[in-house]
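Work through the exercises below with the sequence and the 3D view side by side. Each task is followed by a solution in steps.

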Amino acid sequence: MTAPALSKRGVADRGPAPAAARRGWRQDLTGWAFAAPFVLLFGVFMALPILISFVLSFTSFGLRDLQNPIGATFVGADNYVALLSDAKFWKALFNTFYFVVVGVPLTLAIGLLIASALSRGITRFRTMFRVGYYLPVITSIVAIAVVWRFLLNPDVGLINTLLGALGISGPDWLANPTLAMPSIIAMAVWRNLGFAMVVFIAGLQAIPVSLYEAAAIDGAGRWQAFRYVTLPMLRPTILFMLVITTIGYLQLFEEPFVMTDGGPLDATLSVTMYMYQQGFEFFKQGYASAIAYVLFVIVAIIAFLQFRFLREDA
């Protein structure tokens, strides 16, 4: 067995490992020290409320339990079972899916169309157009909803006024169960297409021009170049926008809350708005927490399916 090497003082040399380990520990502690404020805030204001709300979903926590939260009655999965027979919840879920299925494709399609025009077609006043389309994204959704409510007013609204000038009697957009949700979808698409436009412009600018030149040499027209060059190269960008927009639209709340209050006849009632009603109007926090976690599962499943079928190696 080989004896350990001796230093000049005759002490066995154990190498630089202990010193390196100490440096590693110091670096780890320094990193955790810098991350500690965020971890603390996240734990107190995010992780802890999420955990508490999950526990609440298995209780009958209500207004009477505010003074003694520990005394809330544990009901197991009764809240989740009750949702299966809650006709209003299913109506809200249908409305939410209607909003997503119609609104998300329109937002992405119009955003991509405008991005293509501003990236390769329109050259003059390009910056002005970009700012104009993006401005609604950074504007308060409540302010936008209030403005659109006035625009859609059946008596003095701008839209019905213009229709009246053409001899057309405009409907009561937000009081009609058939037209209320399409009106909200139109507002949501108008507000969010600016974000889609900016992301798609970034994706378009990352596509090498040589690909379009090669397609033109092969005789491809604009539509063929868009179909066989632009869309495949934008696949990661489209997936990102699809997931982000879908998650945002599944959380529909402010628009119907300000414009219709879920009406008429629950035609614009969304899952998050129904959750709000149960938790803060009827004070059924346990039931509202169950609704929140059902929505969370739906969002997770849809996001998983989108990644599963639209990722590049699918």
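**Exercise 1. Aromatic pairs**

Task: Count the aromatic pairs, then describe the one formed by F54 and Y293.

Solution. Start with the rule: rings of Phe, Tyr and Trp (its six-membered ring) pair if their centres lie within 6.5 Å, and planes under 30 degrees apart count as stacked, over 60 as edge-to-face and the rest as tilted. By this rule there are 13 aromatic pairs. In one of them, the ring centres of F54 and Y293 are 5.2 Å apart and the planes stand at 70 degrees, so the pair is edge-to-face. Helices here are DSSP runs (H or I, at least four residues), numbered from the N terminus.

The model is predicted: local features need pLDDT of at least 70 and side-chain atom pairs count only at pLDDT 80 or more, while totals for chains, interfaces and linings use all residues. Residues are numbered from 1 along each chain as its sequence is written, and side-chain values use heavy atoms, with hydrogens and water left out.

Now check exposure, where buried means under 20% relative accessible area, exposed over 50%, and partly exposed in between (1.4 Å probe, protein chains only). F54 has 37% relative accessibility and therefore counts as partly exposed. Y293 has 14%, so Y293 counts as buried. Finally, ring pairs link F54, F58, Y80, Y293 and F296 into a cluster.

**Exercise 2. The nonpolar core**

Task: Which residues have the most contacts inside the largest nonpolar core?

Solution. A nonpolar core is a set of buried Ala, Val, Leu, Ile, Met, Phe, Trp, Tyr and Cys residues joined through side-chain atoms within 4.5 Å. The largest one has 56 residues, and F99 and M259 have the most contacts inside it. Helix α7 (residues 180-205) gives the most to this core, with 13 residues. Then list the partners of M259, taking contact as heavy atoms within 4.5 Å. Apart from neighbours within four places in sequence, M259 touches A145, W148, R149, L152, L174, I184 and M187. As background, in soluble globular proteins nonpolar side chains tend to be buried together.

**Exercise 3. The loop between α11 and α12**

Task: Where is the cis peptide bond at P264, and which loop holds P264?

Solution. The bond from G263 to P264 is cis, with omega near -5 degrees. P264 sits in the loop between α11 (254-259) and α12 (271-281). D261 lies in this loop too, and its phi is near 55 degrees, a positive value in a residue other than glycine. L265 is also found there, with phi likewise near 55 degrees. At 75% relative accessible area, L265 is exposed.

**Exercise 4. Two further loops**

Task: Is T139 buried or partly exposed, and what does T139 contact?

Solution. T139 is in the loop between α4 (126-134) and α5 (141-151). Its relative accessible area is 30%, so T139 is partly exposed. Leaving aside neighbours within four places in sequence, T139 contacts I144 and R191. T139 and R191 are 52 residues apart in sequence, and their C-alpha atoms are 8.7 Å apart. For practice, turn to A206 in the loop between α7 and α8 (209-217). A206 is exposed, at 60% relative accessible area.

Definitions and conventions:
Helices (H or I, at least four residues) and strands (E, at least two) are DSSP runs, numbered from the N terminus. Contact means heavy atoms within 4.5 Å.
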